[in-house]
Amino acid sequence: MNTISSRELIEHAHFSNAWERAEHTIQRALAGESLMLPIFGPTRVGKTELISTLTATYPAKVVDGVRFQQVVRVMTPVKPSRRSLPEAVLTALGSQRYGRSNAEELTARVRDLLKIVGTRVLIFEEMQHFVENMSPTATREAADWLKVVAEELRLTVVMVGLPISEQVLIRNEQLRDRADSIHEFRPYSWEQPQEHQEFRRTLLGLTEALDEAGWSVPDPHDIDFSRRVYASCLGRVGMLVKLFNTAEHLACDQIIDSGILLKAHAQAIGTKFFSFNPFDSLQELPDSILVQGYAQMLREAHMGIPKAASQVGV
């Protein structure tokens, strides 16, 4: 079942801001600049959707029988190294025959292929792999490979990952000084008025898409309903989509009500930021509870907590 929630791209402010920053960087790269842009944020905020949208905007083309790929999406290997990184780039370029080539030969092949296909931008996703289970020395060496290749070919690198990815820049000061400031792709805060309204606008957009497809959904203007949805996803649009995607699978006769959402949260949301199900009608949800959950989620993600949230008893 291809659900409305799973295929509907809900544009929202934080996504648009990240898109504009990345798009501006790519345009500068296509004009000849060599840049580095880190985009870090927790899980399920829209990073993967951002990468997919960017690569769809700049697809590979075949001109006179020659393939050109200006923007290349690279999955960071679990253990980045001077060998695994060029292998990952070659895989992204559709060239997977490495044979018994050593790290230097693989890197030379990467350089040649990137020149041939006219690549100007490498988008590395899952940048946290440069840090997780890696010693500072290993991180530094892997980051050096990235920096050197980018400098030699005057490439732009967009680095996307979890907030812990910032350690890559801390462990390699040359990469840090070369990179632009980090763009934080943050979840929406309930206590910040503008973010609160933007979250509710995003919820409205999703429910309107369902309504237009013939579904019955709770009134998104109802503040109690908005609170419960927020408590379920804590401002992360990816979790919002996941919640309603599961609700669509559970619903009968295209009706999503509080009972269906109660079940959907229990099945789809595995986080334990609360000891209760937010769609339990007997559970009250004051602002302080929502702020506590948000702060706990940011701590888990290694993100800074806004001052107002940090002053709540958490």
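Reply: Let's start with Leu-261, which touches Pro-218, Phe-225, Leu-243, Phe-244, Ala-247, Ile-256 and Phe-279, leaving aside residues up to four places away in sequence. Contact here means heavy atoms within 4.5 Å. Keep in mind that this is a predicted model: local features need pLDDT of at least 70, side-chain atom pairs count only at pLDDT 80 or more, and totals for chains, interfaces and linings use all residues. Residues are numbered from 1 along each chain as its sequence is written, and side-chain values use heavy atoms, with hydrogens and water left out.

Zooming out, Leu-261 belongs to the largest nonpolar core, which has 42 residues; along with Val-229, Phe-244 and Ile-256, Leu-261 touches the most other members. A nonpolar core is a set of buried Ala, Val, Leu, Ile, Met, Phe, Trp, Tyr and Cys residues joined through side-chain atoms within 4.5 Å; buried means under 20% relative accessible area, exposed over 50%, partly exposed in between (1.4 Å probe, protein chains only). The elements giving two or more residues to this core are helix 9 (193-212), helix 10 (223-233), helix 11 (237-250), helix 12 (258-268) and helix 13 (287-300). Helix 11 supplies the largest share, 7 residues. Helices (H or I, at least four residues) and strands (E, at least two) are DSSP runs, numbered from the N terminus. There's also a second, separate core of 33 residues, with Met-36, Val-72, Val-74 and Leu-169 among them.

For contrast, Asp-64 counts as exposed at 79% relative accessibility, and Asp-64 sits in the loop between strand 2 (61-63) and strand 3 (66-68).
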